[in-house]
Amino acid sequence: MATSLTAAVDWAMDKSLVLGYTRLGPRLRRSWWPSDPRPGCLAGRHVLVTGASGGLGLATAAGLAPLGATVHLLGRSADRLAQAEQTLLEGMPSARVETVVCDVSDLDAVREFATSFAARVPKLHAVVHNAGVLPPERRTSPQGHELTLATHVLGPHLMTGLLADTLGGGRVVVVTSGGAYSQKLAVDDPEYLGGDYSGATAYARTKRMQIVLAELWADHLRSRDVSVHSMHPGWADTPGVTDSLPGFATVMGPLLRSPAEGADTVTWLVATDDRLGTGGFWHDRRRRPTHYAPVGVETKDQRQRFWDFVVEATGESLG
């Protein structure tokens, strides 16, 4: 298929949502997307995956381990992490896996984890920020921040800053969501204090924040030779969808991607030898626009105000 025609078909699939976000997307795009990472390309390298006890996080770990990586699984529940480790080892007895308990929404816990982890793993190839929540009502973190904000934005920002020195020449990948297309950057009310609270809206708002934050990280970490990318997995059959959005899962069930299909681009971004630059937003191994249409795009001033808020809330400037 000619490159121009391929691009046109890919664009149309993306804009249609159903063709691009469901399992149809990777099955059609596989014929033209970039090559898989080289076998063994992550041998001797360490990758940290948050939210790794199930869903996309576990699928990402399952994609990275066969490439030779030592995969560090981070999650809130020791029991669920142990089950995830067992699942990986049953399929790959030689896999190198470590589990670490940490609640990413708790900034004190993140500081404690990062200090310990950096001492044990002084050279880190990649961090995958995948931990996510979708609470039915407004809840707060131990530091009093709205929970989706703390989990998706503040905790990952602090962790990235604290691990930045171990990531020289490495990569950061942020797992966000196509739901971000429905939201503007909520710079005037990042804690979601105004209006009627909706868990789905809070989730989408913070996913928009993640896309902007990844671009800002890319700028701030460029001097340390750390590349940063965000991606969205499409509509995947994971607990985050089936438990939090049961109506959507029921309607779209037959078309939902497998966790492995949703996590494919994460694995590829971590492991590929292709020159990707930094600051991209990806889906199915291709850069995508950060807005569905060129409306509601955040201004330079809004981006700076958002950055200032995150730095003040976490005490981390990435400086």
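Predicted model: local features only at pLDDT ≥ 70, side-chain atom pairs only at ≥ 80, totals over all residues.
Which residue stands opposite Val172 in E5?

Eight strands make up an open sheet, and the order across it is E3-E2-E1-E4-E5-E6-E7-E8, with mixed pairing. At the edges sit strand E3, residues 96-101, and strand E8, residues 286-287, and each of those pairs on one side only.

Now, back to the opening question: the residue opposite Val172 is Val127. Strands E4 and E5 pair in the parallel sense, over four bridges. To get from E4 to E5 the chain passes through H7, and that β-α-β crossover is right-handed.

Let's stay with Val172 and look towards strand E6. There, its bridge partner is Val228. Arg171 also has a partner in E6, and that one is Ser227. In total, five bridges join E5, residues 171-175, to E6, residues 227-231, and the two strands run parallel. You get another right-handed β-α-β unit here, made of E5, H8 and E6.

So is E5 buried or exposed? It's mostly covered: five of its five residues are buried. In a regular strand, side chains alternate between the two faces of the sheet. Here, Arg171, Val173 and Val175 point one way, while Val172 and Val174 point the other way, and all of them are buried.

On to the helices. Helix H6, residues 107-120, lies across strand E1 (46-50), strand E2 (70-75) and E3, and it runs at about 155° to E3. Helix H7, residues 147-163, packs on the sheet too, where it touches E1, E2, strand E4 (126-129) and E5. The direction of H7 makes about 175° with that of E4.

Next, the salt bridges. How many are there in the whole structure? A search finds 17. Let me walk you through a few.

Take Arg224 and Asp165, which form a salt bridge with their closest N and O atoms 2.8 Å apart. Why does this pair tie together parts that are 59 residues apart in sequence? Because Arg224 lies in the loop between helix H8 (199-221) and E6, whereas Asp165 lies in the loop between H7 and E5. As for the surface, Arg224 is partly exposed, with a relative accessible area of 23%. Asp165 counts as exposed, at 67% relative accessibility.

Another one is Asp188 with Arg305, where the closest N and O atoms are 2.5 Å apart. This pair links distant parts of the chain, 117 residues apart: Asp188 is in the loop between E5 and H8, and Arg305 is in helix H12, residues 300-314. Asp188 is exposed, with a relative accessible area of 65%, and Arg305 counts as partly exposed at 36%.

Then there's Asp219, which forms a salt bridge with Arg222, the closest N and O atoms being 3.1 Å apart. Asp219 is partly exposed, and its relative accessible area is 46%.

One more item before I stop. Which residues are linked in a network of salt bridges? They are Asp10, Arg29, Arg257, Asp284, Arg286 and Arg288. If you're turning the model on your own screen, strand E8 covers 286-287, so you can look for Arg286 of that network there.

Terms used: Residues numbered from 1 in each chain as written. Heavy atoms only, no water. Pairing = 2+ DSSP bridges. Contact = heavy atoms within 4.5 Å. Axes fitted to C-alpha atoms, helices over the stretch in contact; angles between N-to-C directions. Salt bridge = Lys/Arg side-chain N within 4 Å of Asp/Glu carboxyl O. Buried < 20%, exposed > 50% of the residue type's maximum accessible area, 1.4 Å probe, protein only. Right-handed = clockwise from strand over helix to strand, strands pointing away.
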